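These notebook entries record what I looked up about helix packing and pockets. The structure is shown first.

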Amino acid sequence: MANESKRPQAIRQLATYDMMLIDETSVWYEENASDFFDRTHDVDMRNIYRTFLRYIPEGGKILDAGCGSGRDTKAFHELGFDVTAIDGAKAVVELAKDFT
């Protein structure tokens, strides 16, 4: 990136640190996908959904960024919302696709 060299050193270091955290997090989810799915797919989130969904029109669109197990994606879809789900961990995405 052309402007990269003009950034202060601290900002360049912070950006590098952030990418390291993202990489470490992605690796963790890849390695622990099944356990993560088992611990999260059936957690009852209805109270939180009610708070959130009052701001979304009936049948509205929802982006479930970091969809994890697909729990919320499935619930929102079953309630009639148009849901797009994404996650950075391929192993988690495969489990979520099977679940939803």
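How closely do the axes of helix α2 and α5 come, and at what angle do they cross? I worked from a predicted model. I found that the axes of α2 (residues 33-40) and α5 come within 9 Å and cross at roughly 40°. I noted the crossing of α2 and α5 as right-handed.

I then looked up the residues in this contact. From α2, Ala-33, Ser-34 and Phe-37 take part, and from α5, Ala-91, Val-92, Leu-95 and Phe-99. Sorted by class, the contact of α2 with α5 holds six nonpolar residues and one polar residue, with no charged residues.

Next entry: the pair α3 and α4. I read that the axes of α3 (residues 46-53) and α4 (residues 71-78) come within 12 Å, with a crossing angle of roughly 60°. The two helices are therefore oblique to each other. I recorded that α3 passes α4 in a right-handed crossing.

Which residues of α3 and α4 meet? I listed Tyr-49, Phe-52 and Leu-53 in α3, facing Arg-71, Asp-72, Ala-75 and Phe-76 in α4. By class, I have five nonpolar and two charged residues for the contact of α3 with α4, and no polar ones.

Last entry: the largest pocket. Its volume is about 170 Å³. I divided the lining residues of the largest pocket into six nonpolar, four polar and two charged.

Conventions:
Residues numbered from 1 in each chain as written. Predicted model: local features only at pLDDT ≥ 70, side-chain atom pairs only at ≥ 80, totals over all residues. Heavy atoms only, no water. Axes fitted to C-alpha atoms, helices over the stretch in contact; angles between N-to-C directions. Helix = DSSP H or I, 4+ residues; strand = E, 2+ residues; numbered from the N terminus. Parallel < 35°, antiparallel > 145°, perpendicular 65-115°, else oblique. Left-handed = near helix turned anticlockwise from the far one by under 90°. Contact = heavy atoms within 4.5 Å. Nonpolar A, V, L, I, M, F, W, Y, C, P; charged D, E, K, R; others polar. 1 Å grid on protein atoms, 1.4 Å probe; cavity = no way out; pocket = protein on both sides within 12 Å on 5 of 7 lines; lining within 4 Å. Points joined across faces, edges and corners; volume = space filled by probe spheres on them.
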